[in-house]
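Colleague: I should like a close look at one part of this predicted model, together with its setting in the rest of the chain. Please keep the confidence of the prediction in view.

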Amino acid sequence: MPDISTKPYMLRAIYEWCTDSGYTPYLAVKVDAGTTVPMEYVKKGEIVLNISFGATSGLKMDNDSIRFHARFGGVSREIYVPVNNVLAIYANENGQGMAFEPPVAGDESGEQADPPQQSAPAPALAAVPSSQNEARSEAASGPGGDDEPPKKGGRPTLTRIK
């Protein structure tokens, strides 16, 4: 028996958490031939959708798709998003939520399990030798340097795409 994806369950859980907390849940979606969204709002093959109770009508989050009606420019549109195309779900107010791996072409049928193994290996991170780090820090703080503090790293956040 094939494993059941946890993604639709996580989507419903984060949606429920957003609404219970008074936040506005947003979906970031990869648009392809399987999605039904207003194409005039798609940018770089993606769209961000407000899926709050007040912005949708008849929201149904199944294990394979998310369907609802929403108004765009005052016109009611039917929206259909396969769960595999969801890139992220998050609260608009604070960016907290969950991001997912982008869909891979042919991922829906499950028949193309071999091609990813044949592709080039994924890029990996490598440590920079400490002597290079010291040279860079001396160059940055040397005469004529801006003496700006280094940018803080930290927790990654989701950026809202309009």
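In which strand does T56 lie?

Modeller: T56 lies in strand β3, which covers residues 56-61. Strands are DSSP runs of E of at least two residues and helices are runs of H or I of at least four, both numbered from the N terminus. This is a predicted model, in which local features need pLDDT of at least 70 and side-chain atom pairs count only at pLDDT 80 or more, while totals for chains, interfaces and linings use all residues. Residues are numbered from 1 along each chain as its sequence is written, and side-chain values use heavy atoms, with hydrogens and water left out.

T56 counts as buried because its relative accessibility is 12%. The limits, computed with a 1.4 Å probe on protein chains only, are under 20% relative accessible area for buried and over 50% for exposed, with partly exposed in between. A polar atom of the T56 side chain lies 3.0 Å from the backbone oxygen of S52. This is a polar contact, a pair of N or O atoms within 3.5 Å; within protein, one must be able to donate a hydrogen and the other to accept it, and residues adjacent in sequence count only if both atoms are side-chain atoms. Once neighbours within four places in sequence are set aside, T56 is in contact (heavy atoms within 4.5 Å) with N50, I51, F68 and H69.

Of its 162 residues, 27% are buried. Among contacts with a separation of 6 or more, 53% join residues 24 or more positions apart.

A nonpolar core is a set of buried Ala, Val, Leu, Ile, Met, Phe, Trp, Tyr and Cys residues joined through side-chain atoms within 4.5 Å. The largest nonpolar core has 24 residues, of which L11, L27, V37, L49, I66, V81 and I89 touch the most other members. At least two residues of this core come from each of α1 (7-21), β1 (25-30), β2 (46-50), β4 (65-72), β5 (75-82) and β6 (86-91). Another core, of six residues, lies apart from the largest one and includes Y26, V48, A88 and Y90. In soluble globular proteins, nonpolar side chains tend to be buried together.

F100 is found in the loop between β7 (97-99) and α2 (115-118). With a relative accessibility of 18%, F100 counts as buried. Beyond four places in sequence, F100 touches K7, M10, L11, V86, L87, A88 and I89.

The whole structure holds three aromatic pairs. Rings of Phe, Tyr and Trp (its six-membered ring) pair if their centres lie within 6.5 Å; planes under 30 degrees apart count as stacked, over 60 as edge-to-face and the rest as tilted. One of the pairs is formed by W17 and Y23, whose ring centres are 5.4 Å apart with planes at 55°, so this pair is tilted. W17 is partly exposed at 34% relative accessibility, and Y23 is partly exposed at 29%. Y26 and Y90 also form a tilted pair, 6.0 Å centre to centre with 35° between the planes. Because Y26 lies in strand β1 and Y90 in strand β6, this pair ties together parts that are 64 residues apart in sequence. Y26 is buried at 14% relative accessible area, and Y90 is buried at 3%.

R160, in the segment after α3 (130-141), is in contact with Y26, Y90 and N92 when neighbours within four places in sequence are left aside. The C-alpha atoms of R160 and Y90 are 9.2 Å apart, although the two residues are 70 residues apart in sequence. R160 counts as partly exposed, at 34% relative accessibility.

Confidence remains to be considered. The mean pLDDT, the predictor's confidence in each residue from 0 to 100, is 78 for the chain, and 65% of the residues reach 70 or more. Over residues 108-119 pLDDT stays under 50, and the model has five contacts beyond four places in sequence for this stretch. Residues 132-145 also have pLDDT below 50, with five contacts in the model beyond near neighbours in sequence. Where pLDDT is low, the predicted coordinates should not be read in detail.
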